[in-house]
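Consider the structure below with its helix packing, its charged pairs and its backbone exceptions in mind. The paragraphs after it take these topics in turn.

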Amino acid sequence: MGTASQSTTAFVLAGGGSLGAVQVGMLKALDRGGMVADFVVGASVGAINAAYYAASPDAAGIARLERIWLRLGRADIFPFSVLGTALCLAGRRDHLAFPQRLQALLEAELPYRRLENARLPCHVVATDLLDGTEVRLSSGDVAQALLASAAIPAVFPAVTIDGRPLMDGGIASNTPIAAAHALGATRVIVLPTGLPCALKSPPHGAIAIALHALNVLSMRQLLADVDRFAGRCELLVVPPLCPLGVNTYDFTRTAELIRRADAETHLWLEGDLRDRDPRWALAPHRHRAV
């Protein structure tokens with residue numbers, strides 16, 4: 001948020017599969033509360049949300065993003081097939097699915113084709129498949145950048161950009177606070193997807209378990225990043241939903257996630273933001289009853 005003190009605010013959107021819906025509710029409340037960003041940074045599903053928000057960083061744009069989320073189903077993002085699974089298991093292919101449906105959605109709904117043409121500067125974080133370094137994409141084909149940032153290893157194929165094979169940005173930096181700081185942000189507002197802390201049982205299926213494991217690891221990384229950058233910039237973490245009984249592979253409770261995140265972020269904004277330490281909700285924990 002540009003002010004007389006020349007501060008620069010970045011919204012940083014984390015990855016988290018279907019829990020990306022939470023960020024829609026957070027954005028709704030932040031917008032109503034007058035919180036605006038000078039630029040956005042995202043990884044994985046957070047990169048997709050960031051790119052849509054950057055196209056129209058206002059109530060109308062967020063409402064459009066909400067409508068997209070509300071009609072999404074698991075098959076729209078993860079179009080698995082028996083043949084694809086068999087080829088992968090036989091070593092004939094290194095990924096389970098092709099992201100054609102996701103690509104079609106991005107190309108149909110995003111009103112710009114290149115990252116540098118977004119209304120709000122948007123930076124997408126991916127991971128170099130060969131050396132694991134963080135790759136920041138700030139220009140070029142927006143759909144390819146988002147597909148690279150969301151290319152979950154073994155689920156989707158890597159995306160080659162400028163000769164570098166790239167995979168899911170969450171591997172290198174699920175919550176890319178470092179990228180926002182390097183880009184000059186003096187105020188960083190992190191929108192985490194949260195930790196499914198109230199599941200009654202483990203998610204079913206290999207992909208669901210893998211996504212859940214990545215989510216748990218990402219929350220640990222977020223905690224470390226919060227401690228690492230707390231003294232370098234003004235750092236605010238929008239409290240994630242807690243308790244949360246939805247896994248990262250479940251697209252059936254999107255409306256509930258958006259509604260809850262909107263309401264809880266509104267309450268957070270009404271209080272003293274500096275006094276709300278998010279570590280209690282980010283640290284590994286579990287509720288035995290919701």
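The model is a predicted one.

Most residues other than glycine have a negative phi, and most peptide bonds are trans. The phi of S44, however, is positive, near 60°, and this residue is not a glycine. S44 counts as buried because its relative accessibility is 10%, the cut-off for buried being under 20%. D162 also has a positive phi, of about 55°, without being a glycine. Its loop runs between β5 (159-161) and β6 (164-167). D162 has a relative accessible area of 78%, so this residue is exposed. The peptide bond between C242 and P243 is cis, with omega at about 0°. P243 belongs to the loop between β8 (234-237) and α11.

Helix packing comes next. How do α1 and α3 lie relative to each other? Helix α1 (residues 21-32) packs against α3 at an angle of about 160°, and their axes are 10 Å apart. Angles over 145 degrees count as roughly antiparallel, and α1 and α3 are therefore roughly antiparallel to each other. Their crossing is left-handed. On the α1 side the contact is made by A21, V24, L27, K28 and D31, and on the α3 side by A59, I62, L65, E66 and W69. Seven of the residues in the contact of α1 with α3 are nonpolar, three are charged and none is polar.

Helix α3 also packs against helix α11 (residues 254-270), here at an angle of about 145° with the axes 9 Å apart. The crossing of α3 and α11 is right-handed. E66, W69 and L70 of α3 meet T254, A255 and I258 of α11 in this contact. The residues of the contact of α3 with α11 comprise four nonpolar, one polar and one charged.

The charged pairs remain. Side chains of opposite charge can pair when their charged atoms come close. The model has eleven salt bridges, counted where a side-chain nitrogen of Lys or Arg is within 4 Å of a carboxyl oxygen of Asp or Glu. R64 and E109 form one of them, with the closest N and O atoms 3.5 Å apart. This pair links distant parts of the chain, R64 being in helix α3 and E109 in helix α6, 45 residues apart. R64 counts as partly exposed because its relative accessibility is 32%, whereas E109, at 16%, counts as buried.

D58 and R119 form another salt bridge, with 3.6 Å between the closest N and O atoms. Here the partners are 61 residues apart: D58 is in the loop between α2 (45-55) and α3 (59-70), and R119 in the loop between α6 (100-109) and β3 (122-128). D58 is partly exposed at 24% relative accessibility, while R119 is exposed at 58%.

The side chains of E116 and R114 meet in a salt bridge at 2.7 Å, N to O. E116 has 39% relative accessibility and counts as partly exposed, as does R114 at 40%. Salt bridges with shared partners also join K28, R32, E66 and D262 into one network.

Key
Residues numbered from 1 in each chain as written. Predicted model: local features only at pLDDT ≥ 70, side-chain atom pairs only at ≥ 80, totals over all residues. Heavy atoms only, no water. Helix = DSSP H or I, 4+ residues; strand = E, 2+ residues; numbered from the N terminus. Buried < 20%, exposed > 50% of the residue type's maximum accessible area, 1.4 Å probe, protein only. Axes fitted to C-alpha atoms, helices over the stretch in contact; angles between N-to-C directions. Parallel < 35°, antiparallel > 145°, perpendicular 65-115°, else oblique. Left-handed = near helix turned anticlockwise from the far one by under 90°. Contact = heavy atoms within 4.5 Å. Nonpolar A, V, L, I, M, F, W, Y, C, P; charged D, E, K, R; others polar.
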